[in-house]
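Let's take a look at the salt bridges in this one. Which charged side chains pair up, and where do they sit?

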Amino acid sequence: MALAQQAATQHTALETSGRLMRLAGLVLEAQGVRAPVGSQCVIDTPGEPDSAVLAEVVGFNGDRAFLMPAGDVQGLASGARVRQLPPYRPQPRLGDPLKPQPPNDRGVLRLPLGAGLLGRVVDARGQPLDHQGPLRAVAIDPLERNPINAMERAPVRQPLDTGVRAINALLTVGRGQRIGLFAGSGVGKSVLLGMMARFTRADVIVVGLIGERGREVKEFIEDILGADGLARSVVVAAPADSPPLLRLQGAHYATAIAERFRDDGLDVLLLMDSLSRYAMAQREIALAIGEPPATKGYPPSCFAKLPQLVERSGNAAQGKGSITAFYTVLSEGDDQQDPIADAARAILDGHIVLSRSMAESGIYPAIDIEASASRVMHNVTSAAHQQWARRYRQLYARYQKSRDLIQLGAYAAGSDPETDRAIALFPALQQFLMQDMREQAPFEASVQQLAQAIGEAAPGRGTHSFNAQP
């Protein structure tokens with residue numbers, strides 16, 4: 001009886017509705033819907049009540065709201081009813097106190113989060129794609145979460161074993177780091193992501209396939225993750241044919257899933273493929289509602305959205321969980337000065353650049369050591385490790401600087417002792433970078449092989465053998 005009296009006295013807001021007035025390109029304009037930006041609305045299809053279209057408020061002008069559909073707009077007509085979704089109110093159990101909803105919670109998007117997502121493949125709306133039945137052991141929580149106070153974050157102090165030799169030894173990643181994977185199309189970034197998904201030491205792996213080819217979803221799961229990898233993973237798929245709102249939402253959903261596991265004290269690996277497609281989806285939405293373009297067609301909101309997404313990953317408070325995130329960045333035409341690539345490089349904690357010339361030469365993973373850097377490596381490695389990595393870079397760069405002279409036969413042996421040593425060690429230096437996609441390189445073994453490659457140590461007991469032949 002007391003619970004019923006509380007429910008009767010609780011304030012209930014009236015439903016907000018309006019009419020669809022205009023459909024231009026990707027944007028719907030509705031009149032009479034006074035809903036805040038980010039609210040979820042439903043547009044009724046005339047004559048087909050079961051085919052309503054879900055949309056989100058992305059802007060307004062006077063008494064008109066701009067909405068971006070999350071599905072096909074086929075069948076919509078002028079004058080269709082637009083209804084704002086009511087706030088999510090979980091059914092209270094007997095004896096539970098009835099808590100009023102926050103005033104700004106009306107229509108806020110909520111999606112399933114929790115341990116029940118492990119081993120599942122879902123779309124940007126939390127709907128299963130793997131035909132394994134409905135989701136269980138999940139909670140319907142808000143997609144957007146409050147950011148962590150910068151002073152409460154634990155610093156990056158522990159190295160993360162990615163299982164990739166070149167990254168472990170030369171671009172050491174710290175637990176809780178955010179790093180970008182910069183590459184053009186067809187140089188092996190998806191394969192490298194798959195290697196890290198299989199070999200990285202993490203409790204949970206969250207994979208966001210945003211705006212990529214639809215066929216890659218099943219191939220990534222079956223050929224790269226496998227049954228064992230999928231058991232500890234969550235895959236969020238929003239392929240290229242999805243509306244821009246769902247591509248944008250898919251990236252936020254994958255990040256929210258990773259945040260939930262981090263809050264539970266787990267170490268999470270977040271693989272986002274790709275950050276560029278996320279920015280392109282925001283560009284489509286911003287241009288459609290009239291925002292002026294700034295740099296190469298990207299409106300200012302694209303560059304504002306990137307740090308808002310990236311800053312949600314990283315370490316939590318001391319002793320809590322972490323999110324180590326890899327974001328792929330598509331460099332159009334292998335242009336490293338692409339505006340999105342340049343903006344991502346500035347807000348991430350390091351960048352790994354894949355070289356097309358190395359890929360064409362059969363060197364995989366095609367990591368360009370000279371152009372790549374990890375900004376936290378000095379915090380998570382020993383002094384000896386840093387010295388060996390620095391020495392490797394010096395020898396590798398010295399050979400590349402004299403490469404044309406060496407290949408033409410114009411370099412005379414003995415002219416420069418440092419160049420002579422680089423020439424002698426280059427086969428081992430190049431072989432060190434090469435690793436089969438099914439081969440795992442543990443962290444300690446990678447460091448020992450680095451020392452062997454530059455001639456600073458010999459193979460010892462307990463280390464993996466290293467073939468230095470070209």
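What follows is a quick tour of a few salt bridges in this predicted model.

## The overall tally

Searching the whole structure turns up 24 salt bridges.

## Helix 5 meets a loop

D263 and R145 pair up through their side chains, with an N to O distance of 2.3 Å. D263 belongs to helix 5 (residues 244-263), while R145 is in the loop between strand 9 (139-142) and strand 10 (159-160), so this contact ties together parts that are 118 residues apart in sequence. D263 is partly exposed, at 41% relative accessible area. R145 is partly exposed too, at 26%.

## A buried pair

R178 and D349 form another salt bridge, this time at 3.0 Å, N to O. It's a link between distant parts of the chain: R178 sits in strand 12 (residues 178-183) and D349 in the loop between helix 8 (339-347) and strand 18 (350-353), 171 residues apart. Both of these residues are buried.

## Within helix 4

R215 and E219 meet in a salt bridge at 2.6 Å, N to O. The two are four residues apart in helix 4 (residues 215-231), so about one helical turn separates them. R215 is partly exposed, with 48% relative accessibility, and E219 is partly exposed as well, at 37%.

Terms used: Residues numbered from 1 in each chain as written. Predicted model: local features only at pLDDT ≥ 70, side-chain atom pairs only at ≥ 80, totals over all residues. Heavy atoms only, no water. Salt bridge = Lys/Arg side-chain N within 4 Å of Asp/Glu carboxyl O. Buried < 20%, exposed > 50% of the residue type's maximum accessible area, 1.4 Å probe, protein only.
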